[in-house]
Amino acid sequence: MDIREQYDEQTNKKIKWISLLFVFMIILSIYTITLGTANISVHEVLSAIRKILTNSSLTVQEKIILHLRIPRILMAILAGAGLSFAGTVMQAITRNPLVSPFTIGISSAAAFGASLAIVFGLGIYTSTSFGIVLTAFFFSLLCALLVYGISNKIGLTPETLILTGIALNYLFSAFTATIHFFSQEHQLASAVAWTFGSLNASTWEHVVYVMVVIVICFPLLYRQAWVFNAMASNEDELVQGLGINPAKNRAVAGILSVLVTASIISFTGVIGFVGLVAPHISRLIIGSDHRFLLPFSTAVGGLLVVLADTIGRVILSPVIIPVGIVVSYLGVPLFINLIITRKKGYF
Amino acid sequence: MSLQVRNLSFKYHRDNILENISFDIEAGNLLGLLGPNGMGKSTLLKCISHILPPQSGNIIIFEKNLRSFSIKEKAKIISYVPQSTYSSFPMSVVDTVLMGRIPYINMKITKNDKDKAFAALEMLNLEDYAFKNINELSGGERQQVIIARSIAQEPSLLILDEPTSNLDLKNQMDVLEKIKNIVKEKKLIAIIAIHDINLASMFCDKLLLLKDRTIIAEGQNKDIINENNIRQVYGVETTIIKVDNRHHVVLKKKKTST
Ligand SMILES: Nc1ncnc2c1ncn2[C@@H]1O[C@H](COP(=O)(O)OP(=O)(O)OP(=O)(O)O)[C@@H](O)[C@H]1O
Ligand SMILES: [Mg+2]
């Protein structure tokens with residue numbers, strides 16, 4: 001067969017896989033709404049969604065679905081999708097498979113902000129839960145700006161970004177540890193719990209905030225798929241030779257993915273692993289072409305977190321295991337299995 | 001169209017690597033750059049392609065100073081193939097060649113872009129590898145993929161840093177032959193750094209000898225390839241023989257010192 005036809009066929013196959021994965025994610029999400037302490041059937045979920053959409057009056061159970069289960073699951077999808085997407089971008093622009101949105105210190109800066117708000121009630125709106133969110137968000141952006149500011153002095157290469165990021169990571173961890181050291185026990189408990197990453201507090205309001213950030217940032221980043229292809233697989237010299245300014249693109253794409261990451265983890269706490277592993281799982285399956293990798297890893301990330309959160313909710317019910325913990329239990333075996341059994345060339 | 005390099009000087013840190021380099025080349029010509037390791041061949045090629053803009057001097061192309069081009073405009077005129085490539089997130093051969101179209105695309109590749117990429121693939125006979133990942137190729141195959149990409153980029157100025165360094169005897173000839181054909185056919189300018197003087201003598205229209213930060217000889221192959229120049233540049237004793245009216249270098253054995 002002609003290689004042109006073969007190429008087009010491969011492209012169609014990839015698009016089909018991506019669509020299937022998204023459909024699967026939606027079906028799975030609707031199914032997971034039924035799971036939990038209150039027993040609900042799929043039929044009831046669907047009729048509840050219909051009633052919510054038509055604005056009819058709701059029963060108690062339907063209110064649980066509307067105000068607890070749905071926002072929680074939407075937040076799980078958004079968090080997984082956003083962190084995975086941001087991770088894919090970060091790996092591309094730093095050309096480094098060990099990078100995740102957290103490598104450049106964002107999560108520890110966010111944890112520092114959260115601890116600050118929890119322990120001292122410092123920060124905007126202080127110790128209200130929204131104060132915690134804002135302080136965490138503020139410090140993660142501050143950290144990102146510091147990383148960019150410092151490494152910009154030496155030319156914004158992948159190496160300088162990663163090294164300054166790691167250094168600031170340690171700095172903010174030290175700040176956080178210092179605060180924990182001087183805090184009282186009940187504050188310490190909630191500050192540490194924050195770093196586990198949890199979707200317990202998800203509300204429609206949170207969903208909307210994160211959704212807005214994602215809806216703005218995703219298309220801006222997806223437009224750059226070819227730029228990421230070039231940057232992920234070539235030295236900066238060659239990237240320039242293809243008419244791309246690597247430093248500028250690295251800065252813009254970096255800031256956008258930091259924005260996505262920060263807006264998610266400010267609400268959920270640190271759901272770390274997914275941003276590293278979902279991009280790799282996706283790459284192993286669909287390849288490194290960012291036109292397909294970006295949407296695919298978005299779906300993989302969403303699926304992974306929805307699954308992890310559901311397992312965390314049901315497995316020791318009524319105790320809820322934080323999603324940040326379950327995600328690692330789920331992701332590591334999956335990842336290692338893929339590395340070992342990976343057959344060459346799915347596509 | 002022609003390329004003019006005028007008084008180009010460049011340094012990485014303190015000392016000049018290149019000093020006052022000037023030369024011209026007309027469209028439809030293949031220029032070979034010869035010189036010992038570390039003399040600045042790669043550096044000169046990067047300066048000409050403005051990957052490392054020179055600290056002083058100018059490069060005039062299309063009668064226009066390269067400094068006045070945007071990075072994207074430059075990429076439509078110049079394609080640069082580095083001495084070696086490495087990739088931690090390897091893509092397939094087809095997608096790698098398609099990257100040559102990035103200067104022209106606006107988000108989406110078109111049928112035209114695909115046609116150009118596939119034509120370049122076919123030109124270098126890479127069809128059999130089309131769907132392999134680039135890291136699963138041999139060094140020589142990979143080198144040809146990157147050359148295919150630079151051709152898909154449709155440059156007016158093709159800059160190749162040791163394009164045949166990983167190739168076997170036949171592929172060296174084939175690749176240079178193809179480069180030469182496309183240069184003649186499309187009236188391009190090509191500049192290649194190359195260590196094999198005999199290959200250079202076979203395929204290049206003009207040669208530059210680089211030593212001690214500057215050009216020490218420049219001109220037609222016959223005028224450049226002689227015992228004297230080679231001793232001066234490489235410090236090696238040779239005999240020059242004529243084959244098919246071309247000058248070829250035969251190495252003389254070093255006298256073992258006692
Ligand atoms: N990035 C760099 N920073 C500092 N010095 C450099 C850099 N790249 C090259 N050099 C120095 O510049 C000089 C010229 O290097 P260049 O790579 O241009 O040589 P070359 O002629 O291409 O050699 P080769 O035949 O080995 O490829 C060398 O002395 C080298 O050490
Ligand atoms: Mg070199």
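**Figure 1. Magnesium site in chain B of the predicted model**. Two protein donors hold positions 1.9 to 2.3 Å from the magnesium ion (ligand 2): B:Ser42 through OG and B:Gln83 through OE1. B:Ser42 belongs to helix H1 (residues 41–48) of chain B, while B:Gln83 sits in the loop between strand S6 (78–81) and helix H3 (93–98), so the pair ties together parts that are 41 residues apart in sequence. B:Ser42 counts as buried, because its relative accessibility is 18% and the limit for buried is under 20%. B:Gln83 is partly exposed at 36%.

**Figure 2. The largest nonpolar core**. This core holds 155 residues. A:Trp194, B:Val97, B:Leu121 and B:Ile179 touch the most other members. Helix H3 (residues 60–94) of chain A gives the most to the core, with 14 residues. In soluble globular proteins, nonpolar side chains tend to be buried together.

**Figure 3. Surroundings of B:Leu121**. Neighbours within four places in sequence are left aside here.

**Figure 4. A salt-bridge network with residues of chains A and B**. A:Asp2, A:Arg4, B:Lys111, B:Asp115 and B:Glu122 are linked in this network. A:Arg4 pairs with A:Asp2, with the closest N and O atoms 3.7 Å apart. A:Arg4 also forms a salt bridge with B:Asp115, at 3.8 Å between the closest N and O atoms. That pair crosses between chains, from helix H4 (residues 111–123) of chain B to helix H1 (residues 3–33) of chain A. A:Asp2 is partly exposed, at 34% relative accessible area. A:Arg4 is partly exposed at 24%, and B:Asp115 is partly exposed at 29%. Side chains of opposite charge can pair when their charged atoms come close.

**Figure 5. The salt bridge between B:Asp244 and B:Arg246**. The two side chains meet at 3.8 Å, N to O. B:Asp244 counts as exposed, with 61% relative accessibility. B:Arg246 counts as partly exposed, at 24%. Over all chains, a search of the whole structure finds 24 salt bridges.

**Figure 6. A nonpolar patch on the surface of chain A**. A:Leu307, A:Ile311, A:Ile315, A:Leu316 and A:Val319 make up the patch. Together they have about 430 Å² of accessible area. A:Leu307 lies in helix H13 (residues 290–314) of chain A. This leucine is partly exposed, with a relative accessible area of 34%.

Definitions and conventions
Residues numbered from 1 in each chain as written. Chains lettered and ligands numbered in written order. Predicted model: local features only at pLDDT ≥ 70, side-chain atom pairs only at ≥ 80, totals over all residues. Heavy atoms only, no water. Patch = residues over 30% accessible without salt bridge, like charges linked within 9 Å, V, L, I, M, F, W, Y side chains within 5 Å. Areas by Shrake-Rupley, 256 points an atom, 1.4 Å probe, with all protein chains shown as cover. Salt bridge = Lys/Arg side-chain N within 4 Å of Asp/Glu carboxyl O. Helix = DSSP H or I, 4+ residues; strand = E, 2+ residues; numbered from the N terminus. Buried < 20%, exposed > 50% of the residue type's maximum accessible area, 1.4 Å probe, protein only. Donors = N, O, S within 2.8 Å, 3.2 Å for Na, K, Ca; no water. Core = buried A, V, L, I, M, F, W, Y, C linked by side-chain atoms within 4.5 Å. Contact = heavy atoms within 4.5 Å.
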